Amino acid sequence: MKNSNDKAVHSSAIERILKNISARRRAPLALFFVILLVYLATSIFVSVIAASEATVTIAETRMNVSAFTGVFAALANICIIFMVVYYGKLGLATSLSLMLVQYPMIIVTSIKRQNISNLPGIFTNVLTLIAIIIIHYNNLKIDQYQDKLRSQAVTDRLTNLPNRFACTELVNDLVKQGEKFVVVSVDLNNFKSINDTMGHNIGNEVLVEIAERFKVAADTGLSGTFDFVSRFGGDEFSIIIRNYHSEEDVLNTVKYYESVIENRITIDSYDYFITASFGYAEFPNDGSTTDTIFSNADAAMYEVKRLNSGNHILRFTPDLLKIERTLELERKIRAALDNGTLYFNLQPQYDIDHRLRGFEALARMDDDDGNAINPGEFIPVAEKVGLIDKVDLSVFRNSAHFFGKLLRRTGADITLSVNISVRHLMKKGFLEEVENIIEKSGIPAEQLEIEITESVMIDSADKALKCINQLKNMGIKIAIDDFGTGYSSLSYLTKFPANLLKIDKSFIDKMNSSDSSKQYVAAIISIGHIMNFDVISEGVEEPEQLEALRGIGCDYIQGFVWGAPLTDVMAEELVVNSVPARV
Ligand code: C2E
Ligand code: MG
Ligand code: MG
């Protein structure tokens with residue numbers, strides 16, 4: 001796979017790429033020739049008009065043409081300065097040659113004409129010469145300083161590897177060129193424990209040693225591909241792999257870097273055995289922008305860490321994004337619960353004559369940027385990772401506390417509905433929690449309703465039923481949420497001690513599109529009434545839906561048509577200004 005030619009190709013690959021990334025952009029060569037031409041033209045013009053007797057009239061003043069010699073000489077000097085400033089050595093050599101050529105010409109002309117009136121011109125030229133030499137050397141110093149700054153900007157101080165900025169610039173370029181490449185995200189395993197137990201100095205030495213090994217691997221081409229390694233900070237490194245033919249080449253390269261890390265590291269006669277997690281993503285298959293390719297490689301690397309198995313290398317797959325998002329949301333839910341930033345909104349429920357029945361408390365959580373995260377996204381995650389009982393409880397407690405005060409203030413005869421997950425419902429101690437909330441908030445049990453989602457409920461029917469009966473005995477109302485989505489059997493419904501059926505929005509959405517859909521909703525309402533349940537329709541958005549629901553005997557309405565979820569302050573205003581329904 002490797003030969004000496006390969007090595008030549010790879011030799012100091014990192015330096016070359018870095019140079020390209022940090023190179024100062026010179027002015028284009030074509031412009032140099034234009035300036036040179038302007039210089040030659042003005043110089044010739046100067047010598048022609050200097051000897052001319054001709055005159056011109058400007059603003060009624062007659063002047064000798066030769067009076068303009070100084071203007072054109074200055075223009076010529078500007079060309080010279082431009083060359084020296086923007087074209088470095090080429091500019092300096094050209095301007096020196098041009099100026100030095102002029103001296104013999106001026107001296108010969110003066111001797112021939114036996115006229116020393118050109119002498120001041122020679123002095124001007126000498127002064128210009130001194131000026132351009134000063135400018136050139138000053139420029140060199142600035143260049144050196146800028147080179148140093150540029151190299152610092154792309155180099156990691158501790159390890160001297162290229163840094164994150166350099167790597168991102170390279171990836172930007174590769175993405176622009178559309179070249180196929182792989183980003184490997186590398187994170188050392190348990191590096192924190194080395195820092196904690198052996199101190200930061202040893203930790204740094206380990207990082208420097210790994211960086212050195214990576215650099216050798218990339219520069220010598222021993223990995224078999226054309227690689228660029230960089231340190232992103234801490235114990236994070238990144239490898240860009242190019243010039244490979246197959247997935248196998250990529251895997252071999254990553255395995256090579258893995259073996260390079262895993263070779264024993266000896267510092268102060270102590271041996272360290274380091275391992276790392278490698279996640280990789282290929283452009284453009286696994287991500288088509290700089291950001292996505294990096295974050296997808298990271299997602300694969302985090303998955304390696306999460307799995308914590310013997311395999312330390314993983315390629316990105318789209319499934320990982322779901323896992324990533326779940327982990328991210330889990331972190332956010334935990335943080336919101338810890339910081340008390342999980343809050344609630346209250347969506348009004350009305351009877352069919354638009355009198356307020358009460359509110360449903362809905363969990364809310366904001367992202368770092370202040371935008372709300374959809375509960376349809378974070379509630380299922382909370383369910384999955386076992387945080388739903390904490391979320392339910394927080395919303396229940398806080399909304400009940402608010403609602404209790406509201407009832408005391410207004411005396412309104414309205415209901416607070418809270419969503420409780422079946423998993424939470426069946427947890428030991430749930431009934432005590434409810435009793436505790438009722439006691440602390442002061443809400444009469446009859447003005448409290450617990451919503452349980454139909455689909456989840458039937459899966460765990462018998463256990464849940466016991467608990468629901470106990471709630472019912474306490475006087476609390478029970479609502480079957482999202483009714484119609486869970487295929488409840490009629491015999492099951494008769495056993496169920498509910499007060500309210502909540503027809504799922506999906507049925508309400510369809511009801512005005514066909515007669516049969518409307519009849520389906522009508523049938524649900526009839527069944528609900530036969531079973532002695534009240535019926536509320538969820539997600540009612542259109543006045544036409546409202547009219548249709550009124551026509552088929554729906555008892556209550558919840559939906560944007562009469563009210564979206566409100567903040568507690570807005571809900572309070574609504575209660576103060578409305579006539580409650582008899583519930
Ligand atoms: P849900 O209990 O069926 O709540 C009704 C959902 O429909 C709410 O969405 C509400 O904002 C939305 N909605 C109401 N009227 C309309 C309408 O006219 N048009 C549309 N497009 N939507 C309407 P939200 O707040 O996103 O909540 C989604 C689900 O999350 C809830 O559905 C509920 O199952 C769950 N959830 C919310 N808060 C909690 C909580 O504290 N605990 C538990 N376990 N689940 C919760
Ligand atoms: Mg609900
Ligand atoms: Mg619902």
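Leu 188 stands opposite Ala 276 of strand S8. Eight bridges join strand S3 (residues 181-188) to S8 (residues 276-283), and the two run antiparallel. Strands pair if DSSP finds at least two bridges between them. Strands (E, at least two residues) and helices (H or I, at least four) are DSSP runs, numbered from the N terminus. The model is predicted: local features need pLDDT of at least 70, side-chain atom pairs count only at pLDDT 80 or more, and totals for chains, interfaces and linings use all residues. Residues are numbered from 1 along each chain as its sequence is written, chains are lettered from A and ligands numbered from 1 in the order written, and side-chain values use heavy atoms, without hydrogens and water.

Helix H7 (residues 164-177) packs on the sheet and touches S3, S4, S5 (236-242) and S8. The direction of H7 makes about 25° with that of S5. Helix H11 (residues 290-307) also packs on the sheet, touching S3, S4, S5, S8 and S9. Its direction makes about 145° with that of S8. Contact means heavy atoms within 4.5 Å. Axes are lines fitted to C-alpha atoms, for helices over the stretch in contact, with angles from 0 to 180 degrees between N-to-C directions.

Donors are N, O and S atoms within 2.8 Å of the metal (3.2 Å for Na, K and Ca); water is not among the atoms, so sites may look incomplete. Asp 481 also coordinates the magnesium ion (ligand 2), 4.2 Å from ligand 3.
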